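Reader: I have a structure to study for class, and I would like to talk it through with you. May I show it to you?

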Amino acid sequence: MDSLLTLPARDGSDIRILQITDTHLFAGKHQSLLGVNTWSSFDAVLDAIEAQQQHYDLIIATGDLAQDHTVEAYQHFVAGINRLPKPCVWLPGNHDFQPAMVDTLADAGIKSDKHVLLGDHWQLVLLDSQVFGVPHGMLSEYQLEWLHTALSKYPERHTLVLLHHHPLASGCTWLDQHSLRNPHQLEAVLQHFPRARNLVCGHIHQELDLDWHGRRVMASPSTCVQFKPHCTNFTIDTLAPGWRWFTLQVDGTLQTEVNRLQSDMFRPDLDSEGY
C-alpha cells in the first residue's frame with residue numbers, strides 16, 4: 001500500500017483525468033449483462049474517447065472491471081485500456097476477484113499504485129472498500145489508517161479520494177442498501193485534512209454529484225448498463241454508456257463533465273429483475 005506513483009504536470013498546467021468504471025467484462029466477448037454486451041459497449045466507449053482527441057494525464061478505473069471472476073475478463077480489460085496512451089490506476093469493486101485481478105493487471109503493466117502525486121499541487125488516494133462476496137462496502141481499519149498516513153505525508157496537496165462504494169445516500173433505495181457501511185469512519189479521517197474535499201466512486205451506474213459534510217462526492221455512468229436514479233426497487237435506465245473527465249486546477253478547483261455515447265445501440269433488457 002506504500003507504492004507511490006508520481007506524474008509531473010505539463011509546465012505547471014492543470015491535470016486531466018479520465019474515469020472509466022463498471023465495465024463488467026466476461027471471459028467471453030459475446031456475453032451480456034442485463035441485455036448489454038459489455039465488451040462491445042466498452043469497446044464503443046474507447047472508440048468515442050479516442051475520437052474526442054482530448055489531452056489527459058491519467059486513467060482511473062473505479063471497480064467492477066469483471067463480472068465473472070475470470071482471468072480472461074481482466075485480459076479483455078487490459079486489451080481495451082492499453083489502446084489509450086496513458087497510465088491507468090485501479091481499485092476493486094464488489095464484483096471483482098482480486099487474486100485474478102491483481103496478477104493479470106500486473107502482468108500487463110497496469111499500475112497497482114494506490115497513492116499518486118499529480119504535478120505539484122494534487123494527489124490521488126485509492127481505497128479498497130470491497131467486502132468479498134457481498135455487494136456493500138466497508139473500509140477496514142488498515143485502509144483507514146493507511147489513508148490517514150498517506151494524507152499526513154502531503155497535507156498541503158489538494159486530494160481526490162477514490163473508492164468503489166458511495167459513502168452517502170444516492171437517493172436510490174435499493175442501491176443504498178449496498179453503499180459504504182462505515183462512512184462515519186471515513187469522515188473521521190477526512191475531517192483532519194481540509195484539502196481532501198473531493199471523492200469519486202463507481203458502483204451505482206449513474207451520474208452523481210452531491211455534497212457530503214462539505215465535500216463533493218461524484219459517481220459516474222458505467223460503460224455498460226445504467227441504473228435509473230431515485231428508484232425504490234431495482235430499475236434499469238435507458239441512458240447510454242458513459243465516462244467522466246476531471247480537470248484538476250492548480251488552485252484546488254475541480255471541474256468535471258460526464259460524456260455518453262451518442263447511440264442507442266446498447267439498450268438493456270428493461271424486463272430484467274436483477275443480476
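Reader: Let me start with Phe 97: is it buried, partly exposed or exposed?

Author: This is a predicted model. In it, Phe 97 has 29% relative accessibility and therefore counts as partly exposed.

Reader: Which ring does Phe 97 pair with, and how are the planes set?

Author: The structure holds 7 aromatic pairs. In one of them, the ring centres of Phe 97 and Phe 132 are 6.0 Å apart and the planes stand at 50°, so this pair is tilted.

Reader: Where do Phe 97 and Phe 132 lie?

Author: Phe 97 is in the loop between S6 and H3, while Phe 132 is in the loop between strand S8 (122–126) and helix H4 (141–153). The pair therefore ties together parts that are 35 residues apart in sequence.

Reader: Which residues do ring pairs link into a cluster?

Author: Trp 39, Phe 42 and Phe 77 are linked in that way.

Reader: Changing topic: which residues does UniProt list for "binding site"?

Author: In an unreviewed entry, UniProt lists His 24, Asp 64, Asn 94, His 95 and His 205 under that name. These residues span 182 residues in sequence, but no two of their C-alpha atoms are more than 13.4 Å apart, so they gather at one spot. From this set, Asp 64, Asn 94 and His 95 belong to the lining of the largest pocket.

Reader: Where is Asp 64, and is it buried or exposed?

Author: Asp 64 sits in the loop between strand S5 (58–61) and helix H2 (71–81). Its relative accessibility is 0%, so Asp 64 counts as buried.

Reader: What is Asp 64 in contact with, beyond its neighbours within four places in sequence?

Author: Its contacts include Asp 22, His 24, Asn 94, His 95 and His 164.

Reader: Which other residues does UniProt list with Asp 64 and Asn 94 for "binding site"?

Author: The unreviewed entry also has a set made up of Asp 64, Asn 94, His 164 and His 203. This set is spread over 140 residues of sequence, yet it clusters in space, with a largest C-alpha distance of 8.3 Å. Asp 64, Asn 94 and His 203 from this set are part of the lining of the largest pocket.

Reader: What about His 203, is it buried or exposed?

Author: At 6% relative accessibility, His 203 counts as buried. Its place is the loop between strand S10 (198–201) and strand S11 (208–212). Among its contacts, leaving aside neighbours within four places in sequence, are Thr 21, Asn 94, His 164, His 178 and Phe 227.

Reader: Last topic: how many residues are in the largest nonpolar core, and which touch the most other members?

Author: That core has 69 residues, and Leu 18, Ile 20, Ile 81, Leu 127, Leu 186, Leu 190 and Trp 243 touch the most other members. Its largest share, 7 residues, comes from helix H1 (residues 38–52). Another core of 20 residues lies apart from it, and Leu 58, Leu 126, Leu 162 and Leu 254 are among its members.

Technical notes
Residues numbered from 1 in each chain as written. Predicted model: local features only at pLDDT ≥ 70, side-chain atom pairs only at ≥ 80, totals over all residues. Heavy atoms only, no water. UniProt positions renumbered as here; feature names shortened; annotations may be inferred. 1 Å grid on protein atoms, 1.4 Å probe; cavity = no way out; pocket = protein on both sides within 12 Å on 5 of 7 lines; lining within 4 Å. Helix = DSSP H or I, 4+ residues; strand = E, 2+ residues; numbered from the N terminus. Buried < 20%, exposed > 50% of the residue type's maximum accessible area, 1.4 Å probe, protein only. Contact = heavy atoms within 4.5 Å. Core = buried A, V, L, I, M, F, W, Y, C linked by side-chain atoms within 4.5 Å. Phe/Tyr/Trp six-rings, centres within 6.5 Å; stacked < 30°, edge-to-face > 60°.
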